[in-house]
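Reader: Hey, I'm new to this one. Could you walk me through it in plain words?

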Protein chains: 2
Amino acid sequence: MKEYPVIKVALLGLGTVGTGTYKVLQKQKEFMAEKIGAMVEVKYILVRNLEKAKAKVADPGVLTNDWNTIVQDPEIAIVIELMGGMEPARTCILEALRAGKHVVTANKDLVASDGEELLGAAGEHQCDLLYEAAVAGGIPIIRPLKQCLAGNNITEVMGIVNGTTNFILSRMSEDGMEFEDALKLASELGYAEADPTADIEGLDAGRKVAILASVAFNSRVTFADVYTEGITKITATDIRYAKELGCAIKLLGVARNTESGIEARVHPMLIDSKHPLASVSDCYNAVFVVGDAVQDTMFYGQGAGELPTASAVVGDVFDIVRNISSGCCGRIGCTCFKQLPIKTMEQIESKYFIRMQVEDRFGVLASVASVFGNNSVSIAQMLQRKVKGKDTAEIVLITDQVEERHFADSLKVFDGMSIIKEVSSVIRVY
Amino acid sequence: MKEYPVIKVALLGLGTVGTGTYKVLQKQKEFMAEKIGAMVEVKYILVRNLEKAKAKVADPGVLTNDWNTIVQDPEIAIVIELMGGMEPARTCILEALRAGKHVVTANKDLVASDGEELLGAAGEHQCDLLYEAAVAGGIPIIRPLKQCLAGNNITEVMGIVNGTTNFILSRMSEDGMEFEDALKLASELGYAEADPTADIEGLDAGRKVAILASVAFNSRVTFADVYTEGITKITATDIRYAKELGCAIKLLGVARNTESGIEARVHPMLIDSKHPLASVSDCYNAVFVVGDAVQDTMFYGQGAGELPTASAVVGDVFDIVRNISSGCCGRIGCTCFKQLPIKTMEQIESKYFIRMQVEDRFGVLASVASVFGNNSVSIAQMLQRKVKGKDTAEIVLITDQVEERHFADSLKVFDGMSIIKEVSSVIRVY
């Protein structure tokens with residue numbers, strides 16, 4: 001029987017993704033050697049609470065709470081960081097790279113903020129630093145962007161990259177639930193965390209957009225560069241009107257590479273029901289990529305969860321093992337060789353959906369239209385409904401493409417008009 | 001300014017994909033060196049007709065009709081085979097590999113039939129042989145399966161991998177056209193070839209299924225192992241009934257890795273309208289992959305065309321350039337290390353949609369049901385309609401999962417029953 005080399009790895013963290021990664025590595029043992037030419041052995045698992053972790057592993061001897069043992073062990077070739085958060089993850093990754101160890105991480109916070117420094121350190125030490133699991137869970141997207149689509153100038157990367165908010169919006173759309181009830185259901189089902197802020201305010205999606213934009217456009221975009229706006233203000237009424245206008249409402253991460261700079265943002269958007277992203281529902285994620293050669297392409301799958309995320313982590317580990325066997329670690333490192341400017345939100349053009357309550361009398365519509373006209377905003381579609389039992393009409397309209405600042409100017413004017421009782425919703429349109 | 005190495009390549013063929021590849025390589029020149037650490041230079045383009053080809057290239061000096069010049073030129077590192085068909089493509093690829101040249105090919109016919117031999121030759125000479133463009137055009141799928149999803153036991157790969165037939169079925173479904181008219185339209189628009197047999201009979205899709213199954217299940221499946229059935233018998237009536245039953249009809253390539261062996265087949269299928277593949281329309285392709293870790297994932301995009309296919313070709317070329325720079329060519333070769341049995345169609349289980357014309361009288365339905373019952377076929381859904389102005393009723397039903405041979409036995413019995421005037425359609429159900 002052929003003897004295969006053994007590559008020893010350390011897992012940092014045994015939470016959801018850590019446990020999943022451990023399971024997948026165990027399950028892959030049978031064919032691993034033939035598939036990648038080596039065996040991967042988990043030599044250490046770094047945990048805080050040794051007692052609690054014992055139940056989760058077959059061989060409790062691998063558990064340790066001492067990072068120094070790991071980083072100083074010359075046998076460890078790959079460190080798999082699955083602790084999440086900024087520290088101590090950041091320090092561990094840097095120390096591992098400085099010790100010549102390759103790193104796989106699922107840590108979007110860290111890659112979205114400190115990607116440049118981490119990838120720089122990897123390059124300096126000729127180590128691999130892979131992070132497929134940091135964006136859209138199990139969906140292959142980083143490697144396709146860096147390799148399969150390398151022959152493209154990618155102009156746009158857009159997607160549904162947060163499962164929690166997509167589940168909430170799906171329940172609101174399919175079951176007519178209001179936001180608060182859908183959020184409560186998501187919490188009960190374990191799809192939303194105890195503190196759901198990072199999800200519902202678009203921060204989690206924003207981190208993924210930063211990473212996707214950096215890889216797609218070969219120019220560094222950090223989380224601080226990404227405009228984020230959550231879904232807390234979306235109502236079932238907005239979704240009903242959107243449907244009437246042939247659209248779905250999704251929390252979209254949008255990154256565009258335009259001649260005047262990069263746009264990177266996360267906010268709710270109306271999107272045509274026929275667009276492939278519109279039918280991505282529940283906890284599924286999807287990333288839509290537009291390149292000058294490939295044209296439209298989309299990657300769809302589970303954006304989170306124990307095993308799907310572990311699939312991405314183990315894919316990265318296996319890739320590094322193949323690199324080690326072929327002596328080509330660091331083969332593809334940081335690909336941000338451009339320094340493109342990043343646009344502010346005021347410079348960005350959008351179409352808008354706006355829903356407002358107005359006095360139900362002659363001439364109101366003309367007034368609204370003239371405010372938009374005076375601010376270079378033209379109207380593409382409009383609905384007007386009488387509100388039952390009230391002296392109020394509801395106007396819903398979609399504008400043509402307009403600079404954000406012109407649209408904001410119109411809103412300021414509406415603010416001072418007595419005939420306009422309330423601007424109920426303002427949502428961008430794809 | 002940094003000096004970058006120059007990698008010289010030869011293009012074989014200057015048809016649609018060859019022209020696209022030439023264009024994409026020209027367009028990528030600006031950032032190529034920074035992106036992949038080297039410049040790719042097209043030194044030769046092999047064509048049959050030098051005169052005709054001159055108009056297509058900026059530097060006619062690269063055109064040649066002499067393969068020997070190319071294969072004997074030690075400067076040529078990569079041969080890009082885009083001639084299509086079996087010969088002389090096969091000989092060229094083998095001679096190139098034997099001369100130590102890496103090969104990129106978009107040739108599905110060849111990879112689906114002779115993949116084992118070609119990849120064997122590549123391995124023997126430590127060369128890369130990449131074929132991302134052979135399946136689903138621009139959609140990244142081979143590299144994701146071999147690398148990103150390497151941590152999975154993949155149980156199913158299924159997809160819409162032929163754009164021509166998907167366009168025809170989309171027109172039949174959306175515009176109510178019959179097959180012949182939709183085919184005519186496809187020809188007029190240039191979506192169908194002069195001889196459309198390979199597309200409409202499922203042969204083209206069958207080749208892609210062979211390649212996908214081989215990569216996904218780590219076991220060789222050739223085109224000869226794939227059952228193929230085209231869409232020529234599908235009618236607008238079938239599609240209407242399918243819609244009524246909540247389904248779309250698609251030409252699906254299905255490959256499954258079951259405990260009793262591999263299933264590999266192409267045939268029309270009813271698929272639930274909510275399945276992500278159901279909304280893939282027109283010329284788009286999509287490949288749906290199920291793995292034990294990643295669960296459901298889908299890859300969507302343009303399955304053919306000049307630039308989308310060139311995107312895949314150039315992605316492969318760039319990957320080889322990176323391998324050359326890192327000295328790790330042949331890093332991932334043939335991954336078929338298993339030898340799994342392949343099931344015959346008779347052993348496969350399916351659900352069936354069947355539409356038949358029967359005598360419109362008491363007891364007919366009971367007779368139909370009892371034939372199915374006697375052959376272990378149970379019925380999941382049924383519709384019965386009187387046919388206007390005739391003494392005939394139309395029965396449409398969907399069976400539960402059943403072995404193909406049991407279902408075939410039922411059909412034989414129907415054949416001899418006078419109350420059954422015609423079995424109009426038999427289509428499998430996903």
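Reader: Before we go on, where does the model come from, and how are things numbered?

Author: This is a predicted model, so local features need pLDDT of at least 70 and side-chain atom pairs count only at pLDDT 80 or more, while totals for chains, interfaces and linings use all residues. Residues are numbered from 1 along each chain as its sequence is written, and chains are lettered from A and ligands numbered from 1 in the order in which they are written.

Reader: Ok. Where is P88(A) found?

Author: P88(A) is in the loop between β4 (76-81) and α4 (89-98) of chain A. The peptide bond from E87(A) to P88(A) is cis, with omega near 5 degrees.

Reader: How many helices and strands are there in chain A?

Author: Chain A has 14 helices and 17 strands. Its radius of gyration is 24 Å, close to the 22 Å that the globule rule gives for 430 residues, so chain A is as compact as a globular protein of that length. That radius is taken over C-alpha atoms, and the globule rule is 2.2 Å times the number of residues to the power 0.38. The C-alpha trace of chain A spans about 85 × 45 × 35 Å along its principal axes.

Reader: And what share of chain A is buried?

Author: Buried residues make up 53% of the 430 residues in chain A. A residue is buried if 20 or more other C-beta atoms lie within 10 Å of its own, exposed if 12 or fewer, and partly exposed in between, with C-beta atoms placed from the backbone.

Reader: Which residues touch the most others in the largest nonpolar core?

Author: V287(A) and V287(B) do, out of 285 residues in that core. A nonpolar core here is a set of buried Ala, Val, Leu, Ile, Met, Phe, Trp, Tyr and Cys residues joined through C-beta atoms within 7 Å. Leaving out residues up to four places away in sequence, V287(A) touches several residues, including I139(A), L212(A), M298(A) and F299(A).

Reader: Let's switch to sheets. What's the strand order in the open sheet of chain A?

Author: The order is β3-β2-β1-β4-β5-β6, with parallel pairing among the 6 strands. β3 (63-64) and β6 (129-130) of chain A stand at the edges with a single partner strand each, so one side of each is left without a neighbour in the sheet. Two strands pair if DSSP finds at least two bridges between them.

Reader: How many bridges join β1 and β2 there?

Author: In chain A, strand β1 (residues 6-12) and strand β2 (residues 39-46) pair in the parallel sense over 7 bridges. One detail: L12(A) has L46(A) as its bridge partner in β2(A).

Reader: How many residues are in contact between the chains?

Author: 47 residues of chain A are in contact with 47 residues of chain B. Contact means C-beta atoms, placed from the backbone, within 7 Å. On the side of chain A that touches chain B, α12(A) gives the largest share, 10 residues.

Reader: In which sense do β12(A) and β12(B) pair?

Author: β12(A) and strand β12 (residues 295-302) of chain B pair in the antiparallel sense, over 5 bridges. Y300(A) stands opposite M298(B) in β12(B).

Methods
Two residues are in contact if their C-beta atoms, placed from the backbone, lie within 7 Å. Helices (H or I, at least four residues) and strands (E, at least two) are DSSP runs, numbered from the N terminus.
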